[in-house]
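Subject: Structure for your review: ligand site and pockets

Dear colleague,

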Amino acid sequence: MTLHAAYDPDNIFAKILRQEMPCVKVYEDDLALAFMDVFPQADGHTLVIPKAVTARNFLDLPSDRIGSYMQSVQLVCRAVETGLNPDGLILTQFNGAAAGQTVFHLHFHIIPAYKDRGLKRHAGGEMAQAEILEGHAKRIRAALP
Ligand code: 5GP
């Protein structure tokens, strides 16, 4: 998967956007969707994806969509902070397989960081139980404005 291949409309996140695949939703507006990562690197690991674009990565996002998208990322970041009260927040975004990207629809990761707890492996490990993800999502949702 290079940085510049064609957008695959059957990638997992495109399917989630079309509601062909389930997700534990945290936030949605006309331009963005946020949901829990099913292989969380830490409790509360949340993904924010832009809607109505065929952007595999940050380079592909039309520049007039960056502002609204980043506003959604920050909105969800703040709710993760308020809802889960972590000691820190890690924001990551990978472009291309060589950089570690595994799903080719643009997304930012919001990963809560907790003192004395390490991060789990990126995009691997054990799938989290839906009830656990729902518990975190509920707290994040309750902290949204
Ligand atoms: P990337 O490696 O592309 O930066 O991140 C993709 C993320 O999507 C990974 O953190 C991975 O755990 C997550 N992921 C993979 N498949 C699914 C899925 O079906 N549902 C959800 N919610 N997350 C997924």
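Helices (H or I, at least four residues) and strands (E, at least two) are DSSP runs, numbered from the N terminus. The model is a predicted one, in which local features need pLDDT of at least 70 and side-chain atom pairs count only at pLDDT 80 or more, while totals for chains, interfaces and linings use all residues. Residues are numbered from 1 along each chain as its sequence is written, and side-chain values use heavy atoms, with hydrogens and water left out.

Ligand site

An oxygen atom of the ligand lies 2.7 Å from an N or O atom in the side chain of H122. Backbone atoms take part too: a polar one of G100 is 3.2 Å from an oxygen atom of the ligand, and a polar one of V38 is 3.5 Å from a ligand nitrogen atom. Of the 520 Å² of accessible area that the ligand has on its own, the protein covers 93% (Shrake-Rupley method, 1.4 Å probe).

Pockets

On a 1 Å grid over the protein atoms alone, a pocket is an open set of points where a 1.4 Å probe fits, with protein on both sides within 12 Å along at least five of seven lines; lining residues have an atom within 4 Å of a point. The largest pocket holds about 480 Å³ of space, a volume being the space filled by probe spheres set on the points. Of its 25 lining residues, I12, F13, D37, V38 and F39 are the closest to its centre. α1 provides the largest share of this lining, three residues. The class counts for the lining are 18 nonpolar, six polar and one charged.

The second largest pocket has a volume of about 200 Å³. It is lined by 14 residues, of which P40, K120, M127, A128 and Q129 are the closest to its centre. α3 gives the most to this lining, with three residues.

Yours sincerely

Key
Polar contact = N/O pair within 3.5 Å; in protein donor to acceptor, adjacent residues only side chain to side chain. Nonpolar A, V, L, I, M, F, W, Y, C, P; charged D, E, K, R; others polar.
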